[in-house]
Amino acid sequence: MITQEQLPMVTIADMNDTHLEEMLLINRLETAVMEEDLEAVSKTLQELIEHTSIHFCDEEKKMEETAFPEFKSHKGEHDRHLHELDSIASYFKKNKDTHALSAYIRGNLGPWFLHHIETMDTMTAAYLQQAAVQGTAK
């Protein structure tokens, strides 16, 4: 489980709110997996994919509007992550393997999420905030 204390904060409040929502979904998914509640796992996994897609789309729009120089690499990481989530969801739908999903959440999803915020999102938020102050959005 990811705790709120572990969640890195960035300089833009709405990004922090989105990250908190996503953390809660990841934790809810992990709980459903631990309880082997297959229906809740399927539902929460789909909610996580939908939330993450919207999250990334909104963030990418802001990056494009401000001509964020690292847009391509940041979007590439978003695309890779969404593809991975879709693959895991497909695997789970087919195999109902809660052990594999648990390993993915603890070994990849959780650590990736925290690292992505700490690195890419922190840098992006600082740039977006500076662009807003300077009025450089398109």
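Is Asp 79 buried, partly exposed or exposed? At 38% relative accessibility, Asp 79 counts as partly exposed; buried means under 20% relative accessible area, exposed over 50%, and partly exposed in between, with a 1.4 Å probe and protein chains only.

The legends below describe a predicted model, in which local features need pLDDT of at least 70, side-chain atom pairs count only at pLDDT 80 or more, and totals for chains, interfaces and linings use all residues. Residues are numbered from 1 along each chain as its sequence is written, and side-chain values use heavy atoms, with hydrogens and water left out.

View 1. Beyond its neighbours within four places in sequence, Glu 60 is in contact with Phe 71, Lys 75, His 78 and Asp 79. Contact means heavy atoms within 4.5 Å.

**View 2. Salt bridge between Lys 75 and Glu 60.** A salt bridge is a side-chain nitrogen of Lys or Arg within 4 Å of a carboxyl oxygen of Asp or Glu. For the side chains of Lys 75 and Glu 60, the N to O distance is 3.9 Å. Lys 75 belongs to helix H3 (residues 71–95) and Glu 60 to helix H2, so the pair links distant parts of the chain, 15 residues apart. Lys 75 is partly exposed, at 26% relative accessibility, whereas Glu 60 is buried at 11%.

**View 3. Salt bridge between Asp 79 and Lys 75.** The N to O distance for these two side chains is 3.0 Å. Both Asp 79 and Lys 75 sit in helix H3, 4 residues apart, which is about one turn of the helix.

**View 4. Salt bridge between Lys 62 and Asp 14.** The closest N and O atoms of Lys 62 and Asp 14 are 2.9 Å apart. Because Lys 62 lies in helix H2 and Asp 14 in helix H1 (residues 13–34), the pair ties together parts that are 48 residues apart in sequence. Lys 62 is partly exposed, with a relative accessible area of 30%. Asp 14 is also partly exposed, and its relative accessible area is 37%.

**View 5. Network of salt bridges formed by Arg 28, Lys 43 and Glu 47.** Salt bridges link these three residues in a network. The whole structure holds 9 salt bridges.

Technical notes:
Helix = DSSP H or I, 4+ residues; strand = E, 2+ residues; numbered from the N terminus.
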